[in-house]
Amino acid sequence: MYVETGLSRDLVELMRLERLAFAAKLRLSRAVLGWSQSELGFRIGLSQRAVHKIEQGDTEPRRSTVRAIEEIWRDEGIEFEDLNDGGFRVTVRSPVLDRPATLKARRARKTRVELGITAVAHRSAGRA
């Protein structure tokens with residue numbers, strides 16, 4: 001028979017708060033990077049639904065998933081500092097902010113870079 005003590009309730013609550021903080025970090029970092037849940041899932045080997053569940057705090061991610069996400073944060077220049085009050089501070093390196101936010105814009109930029117194009121001129125609809 002399982003008897004719940006005050007200590008175990010505190011531990012359960014602490015784990016829930018840590019899971020919610022990780023979920024908030026994941027949502028924030030994905031927004032900064034301009035990635036969809038599907039794109040993040042593809043990069044770490046999860047489905048969009050699994051990413052959604054982690055972001056909602058519904059599930060405890062596996063250690064391997066946490067490591068993969070933290071590696072992306074490191075590679076992308078996103079750093080989190082846990083604060084004593086239970087919150088966190090985020091630092092985003094400038095190269096992350098200089099990139100196009102939307103998938104379409106990132107693909108267009110990648111294509112231009114691969115072709116060696118350094119500037120793009122936009123024409124009005126009425127001009128040839």
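**Cavity, pocket, helix packing and hairpin in a predicted model**

The structure holds one cavity of 30 Å³ or more, where a cavity is a set of points, on a 1 Å grid over the protein atoms alone, at which a 1.4 Å probe fits but cannot get out. The model is predicted, and local features need pLDDT of at least 70, side-chain atom pairs count only at pLDDT 80 or more, and totals for chains, interfaces and linings use all residues. Residues are numbered from 1 along each chain as its sequence is written, and side-chain values use heavy atoms, with hydrogens and water left out.

The largest cavity contains about 40 Å³ of space, a volume being the space filled by probe spheres set on grid points that are joined across faces, edges and corners. Its lining (residues with an atom within 4 Å of a point) consists of Leu26, Ser29, Arg30, Leu33, Trp35, Leu40, Ile69, Ile72 and Trp73. Helix H1 (6–33) and helix H4 (63–76) are the elements that give two or more residues to this lining, and the largest share, four residues, comes from H1; helices (H or I, at least four residues) and strands (E, at least two) are DSSP runs, numbered from the N terminus. By class, the lining of the cavity has seven nonpolar, one polar and one charged residues, with Ala, Val, Leu, Ile, Met, Phe, Trp, Tyr, Cys and Pro counted as nonpolar, Asp, Glu, Lys and Arg as charged, and the others, Gly among them, as polar.

The largest pocket, a pocket being an open set of points with protein on both sides within 12 Å along at least five of seven lines, has a volume of about 480 Å³. It is lined by 19 residues, and Glu18, Ala21, Phe22, Lys25 and Asp82 lie nearest its centre. At least two residues of this lining come from each of H1, H4 and S1, with H1 giving the most, eight residues. The lining of the pocket divides into eleven nonpolar, two polar and six charged residues.

Helix H2 (residues 37–44) packs against helix H3 (residues 48–56) at an angle of about 105°, with the axes 8 Å apart; axes are lines fitted to C-alpha atoms, for helices over the stretch in contact, and angles run from 0 to 180 degrees between N-to-C directions. H2 and H3 are therefore roughly perpendicular to each other, the term for angles of 65 to 115 degrees. Gln37, Ser38, Leu40 and Gly41 of H2 and Gln48, Val51, His52 and Glu55 of H3 make the contact, defined by heavy atoms within 4.5 Å. This contact of H2 with H3 has two nonpolar, five polar and one charged residues.

H2 also packs with H4, at an angle of about 110° and with the axes 10 Å apart, which makes H2 roughly perpendicular to H4. Leu40, Arg43 and Ile44 of H2 meet Thr65, Ala68, Ile69 and Ile72 of H4, and the contact has five nonpolar, one polar and one charged residues.

Strand S1 (residues 78–82) and strand S2 (residues 88–92) run antiparallel and are joined by five bridges, two strands being paired if DSSP finds at least two bridges between them. Phenylalanine 80 stands opposite valine 90 in S2. The hairpin of S1 and S2 has five residues between the strands, and glycine 86 takes a positive phi near 95° in this hairpin.

Definitions and conventions
Parallel < 35°, antiparallel > 145°, perpendicular 65-115°, else oblique.
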